[in-house]
Amino acid sequence: FEGFQYTETYFDFTGLIYDGIYDHDMGYGVKKLSYYTYKLLVEKLEGSDWDSITTIIDSIDNKYAYKFINDSTGNPTYVAWWDYFNDPTYNQGDSNLITLSEISANQVIITNTIPTDTSGIDITDYNTAFSIDTISISGGSVSFYLKESPVYVEELNSTSIANEVDFKQNINIYPNPMDGVFTIQGENIQLIEVLNINGQTIKQLSIDNKLFTIDLSNQPKGIYLIKIVIDKGIINKKIVLE
């Protein structure tokens with residue numbers, strides 16, 4: 001919640017959740033955009049080795065990029081941003097091209113750190129709140145444009161975070177990327193829901209076995225979200241249709 005109550009100083013507006021005290025806030029318990037941004041940061045960088053962060057780009061044309069390695073999976077996550085505040089040529093809406101090299105994956109998933117909604121109160125589904133793009137790798141490098149928000153860049157191949165066996169719940173999705181048909185294998189699965197990038201449900205399946213196949217060959221290419229309901233909660237995965 002907000003930092004200090006009944007004083008209305010700068011620190012009253014540094015929390016992640018509104019406290020409903022002031023007329024201009026959105027009500028007690030309403031989450032800000034910053035709440036969802038912080039939640040995403042924790043999810044993306046949880047388990048990283050903070051003693052072995054690799055500097056990829058440091059203040060070249062006011063651009064920055066750092067590489068984090070997950071201790072459990074060995075998968076890299078890059079964090080990149082453009083410090084446009086210090087760019088005297090910046091005009092609102094501008095972008096800046098950045099290139100990341102020495103990538104071993106076939107593709108990368110780029111996730112914007114700021115939700116697409118203008119306010120946290122507008123977010124009804126956290127899993128579809130962020131802009132996500134998939135870019136193919138050429139010669140071990142990927143180029144994309146940075147705007148005002150930082151991004152997370154995750155490698156996507158047979159050993160990537162988007163395709164790994166969930167080591168806590170033993171859920172496996174393969175192949176990923178796929179050409180229309182993929183398989184889900186796991187224990188204690190009760191329900192599976194497939195959503196497109198706009199949050200629309202494409203398929204919903206009640207499960208009574210441990211191994212099953214889903215056909216998305218009649219759907220457009222892109223990223224799909226897989227929501228898997230198990231006996232202990234919900235697991236969210238991403239899969240790419242090529």
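Me: Is E102 buried or exposed?
Reply: This is a predicted model, and in it E102 counts as exposed, because its relative accessibility is 75%, where exposed means over 50%.

Me: Where does E102 lie, and what is its phi?
Reply: E102 is found in the loop between β4 (96-100) and β5 (107-112), and its phi is near 60°, which is a positive value in a residue other than glycine.

Me: What about S59, what is its phi and which element holds it?
Reply: S59 is a residue other than glycine with a positive phi, near 60°, and it lies in strand β1. At 38% relative accessibility S59 counts as partly exposed.

Me: On to the rings. How many aromatic pairs are there?
Reply: The count comes to 10 aromatic pairs. One of them joins W50 and F68, an edge-to-face pair with 5.2 Å from centre to centre and 70° between the planes.

Me: Which parts of the chain does that pair tie together?
Reply: W50 lies in the loop between α1 (33-45) and β1 (54-60) while F68 lies in strand β2 (residues 63-69), so the pair ties together parts that are 18 residues apart in sequence. As for accessibility, W50 is exposed, with a relative accessible area of 52%, whereas F68 counts as buried at 8%.

Me: How are Y64 and W81 arranged, then?
Reply: Y64 and W81 form a stacked pair, with their centres 5.3 Å apart and 15° between the planes. Y64 belongs to strand β2 and W81 to strand β3 (residues 76-82), so this pair ties together parts that are 17 residues apart in sequence. Y64 is buried, with a relative accessible area of 16%, and W81 counts as partly exposed at 28%.

Me: Which residues make up the ring cluster?
Reply: Ring pairs link Y35, Y36, Y126 and F130 into a cluster. Y35 also has the charged end of K31 sitting over its ring, 5.2 Å from the centre.

Me: And which ring does K32 lie over?
Reply: K32 lies over the face of Y18, at 5.0 Å from the ring centre.

Me: Switching to α1: what span should it have, and how far apart are its ends?
Reply: At 1.5 Å a residue, the 13 residues of α1 should span 18 Å, and its end C-alpha atoms are 19 Å apart, which agrees.

Me: Which residues of α1 are buried, and where on the helix do they fall?
Reply: The buried residues of α1 are Y36, T37, L40, K44 and L45. Seen down the axis of α1, these buried residues fall within an arc of 145°, so they line one face of the helix.

Me: What follows α1?
Reply: α1 is followed by G47, whose phi is positive, near 85°.

Me: Where is N75, and is it buried or exposed?
Reply: N75 lies in the loop between β2 and β3, and it is buried, with a relative accessible area of 10%. The C-alpha atoms of N75 and E154 are separated by 8.2 Å, although these two residues are 79 residues apart along the chain.

Me: Now the sheet with β9, what is its strand order?
Reply: That is an open sheet of three strands in the order β9-β10-β13, with antiparallel pairing. Its edge strands, each pairing on one side only, are β9 (172-174) and β13 (211-215), and the twist averages 20° from one strand to the next.

Me: How many bridges join β10 to β13?
Reply: Five bridges join strand β10 (residues 181-185) to β13, and the two run antiparallel. V181 stands opposite D215 in β13.

Technical notes:
Residues are numbered from 1 along each chain as its sequence is written. This is a predicted model: local features need pLDDT of at least 70, side-chain atom pairs count only at pLDDT 80 or more; totals for chains, interfaces and linings use all residues. Side-chain values use heavy atoms; hydrogens and water are left out. Two strands pair if DSSP finds at least two bridges between them. Helices (H or I, at least four residues) and strands (E, at least two) are DSSP runs, numbered from the N terminus. Axes are lines fitted to C-alpha atoms, for helices over the stretch in contact, and angles run from 0 to 180 degrees between N-to-C directions. Rings of Phe, Tyr and Trp (its six-membered ring) pair if their centres lie within 6.5 Å; planes under 30 degrees apart count as stacked, over 60 as edge-to-face and the rest as tilted. Buried means under 20% relative accessible area, exposed over 50%, partly exposed in between (1.4 Å probe, protein chains only). A charge sits over a ring if NZ of Lys or CZ of Arg is within 6 Å of the ring centre and within 35 degrees of the ring normal. The expected span of a helix is 1.5 Å times one less than its number of residues. The arc is that of the directions from the helix axis to the C-beta atoms.
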